[in-house]
Amino acid sequence: MFLHLSDIHFLRRYPRVEKGYNSIFNCMTSPLIQIKNSLNKINLSEIDFIIITGDLVESGTSEDYEILKYELENLLGEIPYIITLGNHDNKEAFYKGWFNKECNEPYNTINDIDGLRIIGFDNSIYKNSDGFISDSQYNWLKTQLEISNNKKTILICHHHLIKNQFTTPSVSYNDGFEELIRKSSIVCIFTGHTHHSFKGSFAGKPYFSTGSLSFIGYDEGNGIVRFEENAQISICKYEDGKISVKVISTLEEIKLLGKIDFKK
């Protein structure tokens, strides 16, 4: 059993502004509180690992990443967790805060846990809301999938892959990407970015997005988006070749964070 978390958008101090996108943070509950409340609903002794699919911070500094890592490890204890990055994650600040390392490369990882291979695939570019899979990133993933094509694999990334999943565009990919996934030993795919939970299929593989631990947006048309507080995580189980996912919310009431006119 494992958990899927996403879109934390943490900052030590959020900007205080009167209008525009950043104004939604003026009265938003700290994501750290939302994470703690969500984990309190779970029997953590049953959890083998946790995946976190990007937007760890809200365009923050290395200090924000350092604090988030410290808080997460206090909350999660000995449970292993695997992260990938999103379009609000500055890679340079991430590497500095998370690893005290100077780097600006995509953050790709491979972890083996309980007979499963978890590939963290970075399909994000900082401040590019649509994401991107470069040729080098595609080739990296292709190589990893071909190394051991009989090992049950979970793929995690930030940007959604299904074009009609949400009102914003999916990440772009070359013609061979979908066929690569179809022929691979991937057993399920997990994404974030949209802040809305979703269940579907991509290239014949079970595919899931979870909600955020910060806010959720609803398109009201004509460029206007209504933002509300959000606190959702998914409980996932892979057993006997089948994946089951249950989305849970820990919000007690709906809190309106604001309506933003993105045409202005």
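Which element gives the most to the lining of the largest pocket?

Modeller: That would be β10, which puts five residues into the lining. Keep in mind that this is a predicted model. The strand runs over 215–221, and β11 (224–229) also supplies at least two lining residues. As for the pocket itself, it holds about 700 Å³ of space. It has 27 lining residues, and the ones closest to the centre are Y21, T168, F215, F227 and F262. By type, the lining splits into 14 polar, nine nonpolar and four charged residues.

For context, the structure has 14 salt bridges. Another one pairs D122 with K91, the closest N and O atoms being 2.6 Å apart. D122 sits in the loop between β5 (116–120) and α4 (135–147) while K91 belongs to helix α3, so this pair ties together parts 31 residues apart in sequence. Here both partners are buried, D122 at 2% relative accessible area and K91 at 8%.

Then there's K183 with E179, whose closest N and O atoms are 3.7 Å apart. K183 is exposed at 61%, whereas E179 is partly exposed at 35%. These two also belong to a salt-bridge network with E178 and R182.

Conventions:
Residues numbered from 1 in each chain as written. Predicted model: local features only at pLDDT ≥ 70, side-chain atom pairs only at ≥ 80, totals over all residues. Heavy atoms only, no water. 1 Å grid on protein atoms, 1.4 Å probe; cavity = no way out; pocket = protein on both sides within 12 Å on 5 of 7 lines; lining within 4 Å. Points joined across faces, edges and corners; volume = space filled by probe spheres on them. Helix = DSSP H or I, 4+ residues; strand = E, 2+ residues; numbered from the N terminus. Nonpolar A, V, L, I, M, F, W, Y, C, P; charged D, E, K, R; others polar. Salt bridge = Lys/Arg side-chain N within 4 Å of Asp/Glu carboxyl O. Buried < 20%, exposed > 50% of the residue type's maximum accessible area, 1.4 Å probe, protein only.
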